[in-house]
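I opened a new notebook page for this structure. I want to know how the fold is held together, and I will go from the whole chain down to single residues.

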Amino acid sequence: MPLVENIWIADDDRSIRWVLERALQKAGIGVRSFESADQVIVALRTQQPDALMTDIRMPGTDGLHLLERMQREYPEIPVMIMTAHSDLESAVSAYQGGAFEYLPKPFDVNEAVDLVRRACKMRHERDVSKDTEAAVNLLSGGDMIGHAPAMQEVFRAIGRLSKSSITVLITGESGTGKELVAKALHTHSPRANKPFIALNTAAIPRELLESELFGHEKGAFTGAYAQRKGRFEQADGGALFLDEIGDMPAELQTRLLRVLAEGTFYRVGGHTPVKVDVRIIAATHQNLEDLVNKGQFREDLFHRLNVIRIHNPPLRERREDIPLLLNHFLHRAAEELQVESKTLAARATEHLQTLPWPGNVRQLENTCRWLTVMASGREIVMDDLPSDLLETDAGKAEMPGSWEKALALFADNRLNKGASNLLNDLSPIFERILLQAALKKTGGRKIEAAELLGWGRNTLTRKLKELEIEGEVEK
Ligand SMILES: Nc1ncnc2c1ncn2[C@@H]1O[C@H](COP(=O)(O)OP(=O)(O)OP(=O)(O)O)[C@@H](O)[C@H]1O
């Protein structure tokens, strides 16, 4: 990446301008020269340099005043002060005024070029961290967190795309936050006040998918008693998030491609074209290129979707974020359950930081819910960790299907119930989680599990039946 295109030089000494211009141009750096600081001030109204080199003493405004102005109006632009009066006072004034560097004349031209390169590198780094900061600020509100470089790259991408409505493909393993990224892209886009509609291609039965996407006319098929708008129409003006796009059946890939190309489609059973303006954000945990190679995904559709790609790294590749995420989710779980927030002992945090987390952030989030309910004290210690997270291959196996499903349901329902009387007032979903957790903790010993939950033996038997989980737990 070229670090610099545009260096400005302000010096009333023609020979200095000439020498610098030639040396910088030879180094591939663009230069523009001015005879005075006043000329620079005029030019700044329409354009700004990547860095500025200025003499101190010049007719009209002097270099130190120019520096002051630059600091006030363009603090991100590095200014290098050059002077023939290499006295301490000028040097101190230059640095105190915020100069990037002070260059007494005569100077070695190569040194000056190196200095410019350094100034530009710093400028570039400042821009990058500003982008990140802006993106992080955009995302503040606690929704999406992460300090790891890979996550900052994601934040930066969201920040950079915030003025556009371009198609984005989000890749990453399950539970890495693809939907969260999609939402953030939408919330920080020009379409933010229009709908964000999500559709998980894998979760909808094949035969319903077409009508879900494109809607249907009355009588289009048995059971179509009225006209119904599909997700495309619901998302008009806004964004449609197509999750698990790799699972889209071939015939729908073709239809989708046509909508993307033409912006129009027909409802199922319809004969009038419907026109929509929808931003597509697609996501997949699969390797779409592989699917294309195997002939399972249309190449032309792939290219239409793969305009900008954002990759969410798996949690094991950003372990430095784990303590941050643990804290965040412990707080959130405590809020949801209206209990006091728990903290993790250093040893437990360290251990959790080493796990592979195959279910990524979602698995970590669910673990925090579990710990909030199950850990006995205010501080969570190693002994409180669920046994499957303590084993040698800890966390390698996903949680059992039913357990994962229950936790996911719980997450969706965002349990709001108070926990002042937690064990008496639980939603069935949460009850199910608790019960399974208790049984797991006691190795399937029901009486002990009941004691743990403060339930009598009969209550436990009834709950096991009601929640239909008896067969799923090891005895
Ligand atoms: N960086 C993050 N900061 C805070 N929460 C996160 C972060 N990443 C993910 N989450 C949370 O983790 C859970 C899973 O995230 P999300 O549903 O977006 O993942 P996904 O990649 O879309 O998963 P899937 O592929 O299974 O649909 C959500 O509850 C989400 O809020």
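Entry 1, contacts. I began with sequence separation in this predicted model. Among the chain's contacts with a separation of 6 or more, 69% are between residues 24 or more positions apart.

Entry 2, overall make-up. I counted the elements next and found 19 helices and 14 strands. I then looked up burial. Of the 475 residues in the chain, 33% are buried.

In what order do the strands of the open sheet run? I read E7-E8-E11-E6-E12, which makes 5 strands with parallel pairing. Strand E7 (196–200) and strand E12 (308–311) are at the edges. Each of these two has a single partner strand, so one side of each lacks a neighbour in the sheet. I also looked up the twist, and it averages 20 degrees from one strand to the next.

Entry 4, around E6. I took strand E6 (residues 168–171) and checked its pairing with strand E11 (residues 279–284). The two are parallel and share 4 bridges. Which residue of E11 is the bridge partner of Val168? I found Ile281. For Thr171, the partner in E11 is Thr284. I then turned to E12, which runs parallel to E6 and is joined to E6 by 4 bridges. Ile170 has Ile310 as its bridge partner in E12.

General background first: in soluble globular proteins, nonpolar side chains tend to be buried together. Here I found that the largest nonpolar core has 37 residues. Which residues have the most contacts inside this core? I listed Ile170, Val181, Leu240, Ile281 and Ala282. H6 gives the most, with 5 residues.

I picked Leu240 from the core list and looked up its contacts, leaving aside neighbours within four places in sequence. I noted Ile197, Leu199, Arg231, Phe232, Ala235, Val278 and Ile280.

Conventions: Residues are numbered from 1 along each chain as its sequence is written. This is a predicted model: local features need pLDDT of at least 70, side-chain atom pairs count only at pLDDT 80 or more; totals for chains, interfaces and linings use all residues. Two strands pair if DSSP finds at least two bridges between them. Axes are lines fitted to C-alpha atoms, for helices over the stretch in contact, and angles run from 0 to 180 degrees between N-to-C directions. A residue is buried if 20 or more other C-beta atoms lie within 10 Å of its own, exposed if 12 or fewer, and partly exposed in between; C-beta atoms are placed from the backbone. Two residues are in contact if their C-beta atoms, placed from the backbone, lie within 7 Å. A nonpolar core is a set of buried Ala, Val, Leu, Ile, Met, Phe, Trp, Tyr and Cys residues joined through C-beta atoms within 7 Å.
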